[in-house]
Amino acid sequence: MIWQLLFEEWANFLLRWVHVIAGVAWIGSSFYFIHLDLSLRKRDGLPEGVQGDAWQVHGGGFYHMSKYMVAPKQMPKDLTWFYWEAYATFLTGFSLLVAHYYMNAEIYLVDKTVLDISGAVAVALSVGGLVLGYMIYEGLCRSPLGKNDAALGAVGFLFLVLAAWGFTKVFSGRGAFIELGALIGTAMVANVAHIIIPNQRKIVKALLAGQTPDPALGKAGKQRSVHNNYLTLPVIFLMVSNHYPLAFGSKYNWIIVSLILVIGVVIRHFYNEGHAGRPKPWWTWGVAALMIAIIVWLSTIGTAISSAAAPSAQPVKFAQVQDIVTARCSMCHAREPVWEGIISPPKGVVLDSPDSIRQHAKGIFLQAVATRSMPPGGNLTDLPDEDRQILAAWFAGGAPGI
Ligand code: HEC
C-alpha cells in the first residue's frame, strides 16, 4: 500500500513538473519565433536570400537576427531544430492523463448523472475521442477546405465547439475539459511531428540537393503553425481548469469553452498585429472582457451560487453539517481514506474535524453545492439535494462552527 502511494504520488507530481517545464519551453519558443517572424523588416543591403532582419536586446547583448527564405548558400553545420519541447509535452501529458484520469476513471472521467458508464468504457471513449477527433481535424486540413485559411478556421472552430458539447454529454465536466484539452494538445503536437518538422526536413533536403523545394511544403507548415498559435491560450485554460469547478461544473460549460476559444484567437491577434508593427487592435481586449463577463454569468446560471447570497430563514446546526460531511465526504477526505483508489486525502483536503470542515467551508460550498462537482463521479456517495441545501444555508450564514 505504502509503495503504491509513494509511486502514484511521486509519478504524478514529477510528471506534472516535467510537463509544465516542457510546455513552457515549447510555448515560449513558439511565441518567440512568431514574434521574430512578424518583426523581421526588409531593408536595402541585406545579404542574398535574406528576407528581413531584426535587432533584439537581451541578456546583456544585442542580437542581429536574419531570416533566410531560400536558405543560406552553405548549409550551416550546427542547425538547431525545435521539436523536443513539443514531443516532451505530449509524452508527459499523455502519461499524466493515464496516471491521473484513466487510473481513477470512475472518479475523474465519469459522471453517472451525465452518462452511466463504467470507468473502463469511459477510458475507451476518451482514447477513441482523441483518435477520432484528431483524424477529423487532419481530414479537414487536407480536404479542399484546407486551401482557404479563413474557411478552415471557421469550420475548425465549429468542430471544436461540437466536440466540447459532445464530450460534456459523455464525461464529467472536468473530464470533458481535460479531454478537449488533450485533443487540442495532441493535434498541436501532431502538427509539429507530422507536418511542420517533416516538411522542413524535405525543404532542407531539396536545398542540399540543389533543387527548389515545393512551396506547398512551407505553406502547409505555416498553416499548422498559425493553428497552434491560436489554440495555445485555450489549451492552457483547459489544462488548469480542473481546479475551478465554476467553469467545468457549469451546465453551460461547453459554451464557456467556445467563448474561451474566441478569446484565444482575438488576444493572439492583438499580439500578432503588434509584432508586425501594425496598429494594435485594442478592441480585442474589449471583446475578451465581454466574453469573460458572459462566462462568469454563465457559471452562475442553474447553480446554487445565488442561494448563498440570501441567508436562509432556517438556521442550520453545525452538527447537521458535520454529519453530512462525515457520511458523504470523509471516506475520501480523511487522513487515511477508505475509498478504493483514493490513497491519500485528495488535494490535501481532510474533512475529519469541526475545525477542518469550517476551514474548508468555501471549498465545500463551491464543490458540493454551487457546482455539484463533489462527491465526484456524478455523486458517488449519493449526497441528497436536501443535504446540499443544508450545506448552502450553513455557508450563507457565514459557515459557523459548533
Ligand atoms: C470518492 C471520493 C470523494 C468523495 C466521496 C468526495 N471527494 Fe472531494 N475530492 C475527491 C478528489 C479525487 C478530489 C481531487 C480532485 C482533483 O484532483 O482536482 C477532491 C477534491 C475536493 C476538494 C478540493 C478541490 C480543489 O481543486 O482544490 C474539495 C473542497 C472537496 N473535494 C470537497 C468534497 C466534499 C464537500 C465532499 C462531500 C460532499 C467530497 N469532496 C466528497 C474525492 C472525493
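**Starting from one leucine**

Mentor: Let's start at Leu-152, which lies in helix α5 (residues 149-168). Keep in mind that this is a predicted model.

Trainee: Is Leu-152 buried or exposed?

Mentor: Buried, because its relative accessibility is 4%, and the cut-off for buried is under 20%.

Trainee: What does Leu-152 touch?

Mentor: Leaving out residues up to four places away in sequence, Leu-152 touches Leu-140, Cys-141, Leu-145, Gly-146, Gln-223 and His-227. Take His-227 from that list. Leu-152 and His-227 are 75 residues apart in sequence, and their C-alpha atoms are 9.9 Å apart in space.

Trainee: And Trp-165, where is that one?

Mentor: Trp-165 is in helix α5 too. Trp-165 counts as partly exposed, because its relative accessibility is 39%.

Trainee: How far is Trp-165 from Ala-193?

Mentor: They are 28 residues apart in sequence and 28 Å apart in space, C-alpha to C-alpha.

Trainee: Let's zoom out. How many helices and strands does the chain have?

Mentor: The chain has 15 helices and 2 strands. Its C-alpha trace spans about 80 × 50 × 50 Å along the principal axes.

Trainee: What share of the residues is buried?

Mentor: 44% of the 402 residues count as buried. As for contacts with a separation of 6 or more, 65% are between residues 24 or more positions apart.

Trainee: Back to α5. At what angle does it pack on α4?

Mentor: About 165°, with the axes 10 Å apart. That makes α4 roughly antiparallel to α5, because the angle is over 145 degrees. The crossing is right-handed.

Trainee: Which residues meet there?

Mentor: From α4, Gly-129, Gly-133, Ile-136, Tyr-137, Leu-140 and Cys-141. From α5, Leu-152, Val-155, Phe-159 and Phe-167. By class, this contact has 8 nonpolar residues, 2 polar and no charged.

Trainee: What about α4 against α6, at what angle do they cross?

Mentor: Helix α4 (residues 119-142) and helix α6 (residues 173-208) cross at roughly 50°, and their axes come within 9 Å. The two helices are therefore oblique to each other. This crossing is right-handed.

Trainee: Which side chains or residues make up that contact?

Mentor: On α4, Leu-125, Ser-126, Gly-129, Leu-130, Gly-133, Tyr-134, Tyr-137, Glu-138 and Arg-142. On α6, Glu-179, Ala-182, Leu-183, Ala-187, Ala-190, Asn-191, His-194 and Ile-195. The classes are 9 nonpolar, 5 polar and 3 charged. Gly-129, Gly-133 and Tyr-137 of α4 meet α6, and those residues also meet α5.

Trainee: New topic, α1. What span should it have, and how far apart are its ends?

Mentor: Helix α1 (residues 2-39) has 38 residues, so at 1.5 Å a residue it should span 56 Å. Its end C-alpha atoms are 55 Å apart, which agrees.

Trainee: Which α1 residues are buried?

Mentor: Asn-12, His-19, Ala-22, Gly-23, Trp-26, Ile-27, Ser-29, Ile-34, Leu-36 and Ser-39.

Trainee: What covers them?

Mentor: The cover includes both β1 (50-58) and β2 (61-68). It also includes helices α2 (84-102), α6, α7 (215-240) and α9 (253-275).

Trainee: Which residues have a positive phi?

Mentor: Arg-372 is one of them, with phi about 55°. Arg-372 is in the loop between α13 and α14, and counts as partly exposed at 45% relative accessibility. Ala-399 has a positive phi of about 50°. Ala-399 sits in the segment after α15, and counts as buried at 10% relative accessibility.

Note on methods: Residues numbered from 1 in each chain as written. Predicted model: local features only at pLDDT ≥ 70, side-chain atom pairs only at ≥ 80, totals over all residues. Heavy atoms only, no water. Axes fitted to C-alpha atoms, helices over the stretch in contact; angles between N-to-C directions. Helix = DSSP H or I, 4+ residues; strand = E, 2+ residues; numbered from the N terminus. Parallel < 35°, antiparallel > 145°, perpendicular 65-115°, else oblique. Left-handed = near helix turned anticlockwise from the far one by under 90°. Contact = heavy atoms within 4.5 Å. Nonpolar A, V, L, I, M, F, W, Y, C, P; charged D, E, K, R; others polar. Expected span 1.5 Å × (residues − 1). Buried < 20%, exposed > 50% of the residue type's maximum accessible area, 1.4 Å probe, protein only.
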